Amino acid sequence: MSMFSTESVIGVIGAGTMGAGIAQVAAKAGHPVLLFDAAEGAAARGREGVEKGLQKLVTRGKMTAEDVTALVNRIQVITSLEEMAPAALVLEAIVERLDVKQSVFGQLEEICSEQTVLATNTSSISVTAIGSTLKRPQNLVGMHFFNPAPIMKLVEVISGLDTKPEIADAIFDLSASWGKKPVHAKSTPGFIVNRVARPFYAEGFRICQEGGADTATIDAVIREAGGFRMGPFELTDLIGHDVNYAVTSSVFAAYYNDQRFLPSLIQLELVNAGHFGRKTGKGFYNYAEGAEKPDPQTAALVTKPTSVTVEGELGVAESLVAQFEAAGIEVVRTDGDGRIQVGDATLMLTNGQFTTVRATEISNRNLIHFDLALDYAQASRVALAPADKADAKAIEQAVGLFQAAGKSVSVIDDIPGMIVMRTLAMLANEGFDAVNQQVCNEEAVDIAMQGGVNYPRGPISWANAVGLARILNVLRNLGASYGEDRYRPSPLLLRKVAGGRQS
């Protein structure tokens with residue numbers, strides 16, 4: 001039998017964007033909701049905000065006026081914590097301060113019944129630490145929603161050291177009944193999403209810092225080849241650099257300065273300047289009125305080749321062959337190690353090395369690496385990284401080939417792992433490490449990254465599609481290129497590749 005029903009009263013403390021959004025989710029699921037905020041009038045404003053937001057859905061024909069009225073009427077504004085007494089679950093979405101959260105939960109333990117479940121929406125504070133001062137820490141659980149709560153599907157259900165498994169399971173089931181996609185995780189720094197997402201920003205920043213490509217080009221490649229909704233520079237401008245840098249710094253400190261989570265100096269410069277992104281009018285991009293957003297580096301149109309030789313299987317890039325043929329290019333297939341020969345150019349999927357280093361190893365000055373795409377058939381852009389000694393004609397032939405396949409082409413500087421490939425390799429590696437450290441299971445990583453931050457595909461599922469041996473090779477080559485611990489492969493990835501799991 002379930003611990004909660006639609007008759008169960010849900011208490012929400014904090015009526016800001018997040019708290020009000022959670023109250024809306026619970027009320028929509030049919031629960032009576034008690035909404036409290038310590039700031040005078042804030043709870044009433046939160047409820048009004050919910051109503052205003054829902055009216056837009058009425059205008060668009062997504063909800064009826066009667067449904068909105070019924071939903072809003074289920075949210076009762078209360079003016080004191082004592083009125084939380086009937087709640088079966090009380091969830092706080094207040095300031096990220098350990099002492100404040102401990103104090104509020106301590107008061108709730110005196111007010112509510114011994115069976116009341118207490119939940120925290122914290123994104124960065126240890127659930128174990130919050131529970132350490134409580135009489136009933138077994139009743140405390142993390143219930144981490146993502147902004148905006150009514151829209152984002154993910155709820156991270158976080159168990160502290162003392163959380164009863166039945167409580168975590170009940171919150172998991174409740175979240176699912178609210179139309180959410182819940183995942184179980186242990187209370188560790190960053191939980192799943194804020195930990196696994198770090199490389200999405202970090203690798204983009206690093207490529208830019210090292211002159212691999214400019215911000216607009218990196219963002220375009222991540223979107224148009226990688227399938228992400230936004231690139232790292234657009235996204236952090238939206239989040240706010242003060243917020244994003246603080247999260248990275250807190251995860252870095254919490255993991256005892258593990259180099260994987262090293263904050264970025266170029267982001268720190270923006271924070272120091274007060275350029276926090278959209279909210280201040282300037283970040284990586286300028287948001288002043290009339291300011292033009294820079295265009296990504298895109299190669300000019302060149303003549304398409306008449307024929308191309310594909311040596312061996314292209315693996316994840318195999319669908320390119322059909323695209324070349326559809327463009328009227330003659331494709332000759334031969335045995336080989338998975339490369340494309342077009343005119344003087346040799347094209348190979350990046351393996352995490354500098355193209356120049358690999359070109360020297362295989363004695364081929366006209367080697368050009370191409371980047372990973374989520375789906376080469378759908379991708380509207382591809383990045384190319386020529387070896388330093390590649391001649392202009394070979395580069396032009398490579399550009400013409402991908403343009404014939406319907407892609408915009410960004411020729412970037414020679415940087416290990418390029419853009420999409422190194423980003424995915426690091427995201428997947430971090431996902432495997434979270435699993436290896438017993439934070440969650442593989443499925444939870446993929447659900448969390450798709451449901452919490454809108455990734456086009458779960459990083460572990462995507463890495464399996466690319467081939468785990470290839471991902472491991474990319475990480476090893478990144479490690480050799482940089483000589484840094486940051487790129488060390490997760491022990492779980494090593495184990496899976498050794499065990500022969502490729503999909």
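Guide: Two strands count as paired if DSSP finds at least two bridges between them. Strands (E, at least two residues) and helices (H or I, at least four) are DSSP runs, numbered from the N terminus.

Visitor: Fine. How many bridges join β1 to β4, and are they parallel or antiparallel?

Guide: β1 and β4 run parallel, with four bridges between them. In one of these, I13 has E92 of β4 as its partner.

Visitor: What am I looking at, experiment or prediction?

Guide: This is a predicted model, in which local features need pLDDT of at least 70 and side-chain atom pairs pLDDT 80 or more, while totals for chains, interfaces and linings use all residues. Residues are numbered from 1 along each chain as its sequence is written, and side-chain values use heavy atoms, with hydrogens and water left out.

Visitor: Back to the sheet. What's the strand order?

Guide: The sheet is open and has eight strands, in the order β3-β2-β1-β4-β5-β6-β7-β8, with mixed pairing. β3 (75-77) and β8 (181-186) are the edge strands; each has a single partner, so one side of each lacks a neighbour in the sheet.

Visitor: And which residue of β5 does L91 bridge to?

Guide: L91 bridges to A119, and L89 bridges to V117. β4 (residues 89-92) and β5 (residues 117-120) pair in the parallel sense over four bridges.

Visitor: Are the faces of β4 covered or open?

Guide: Both are covered, with L89 and L91 buried on one side and V90 and E92 buried on the other. Buried means under 20% relative accessible area and exposed over 50%, with partly exposed in between (1.4 Å probe, protein chains only).

Visitor: Which residues do salt bridges with shared partners join into one network?

Guide: R223, E224, E234, K293 and R381. Within that set, E224 and R381 form a salt bridge, with 2.9 Å between the closest N and O atoms, and E234 is one of the buried residues of α10.

Visitor: Is α10 mostly covered or mostly open?

Guide: Mostly covered: six of the eight residues of α10 (232-239) are buried. The buried ones are P232, F233, E234, L235, T236 and D237.

Visitor: What covers them?

Guide: The cover includes α8 (198-209), α9 (215-224), α11 (241-254) and α12 (265-273), with contact meaning heavy atoms within 4.5 Å.

Visitor: And which residue follows α10?

Guide: G240, whose phi is positive, near 110°.

Terms used: Salt bridge = Lys/Arg side-chain N within 4 Å of Asp/Glu carboxyl O.
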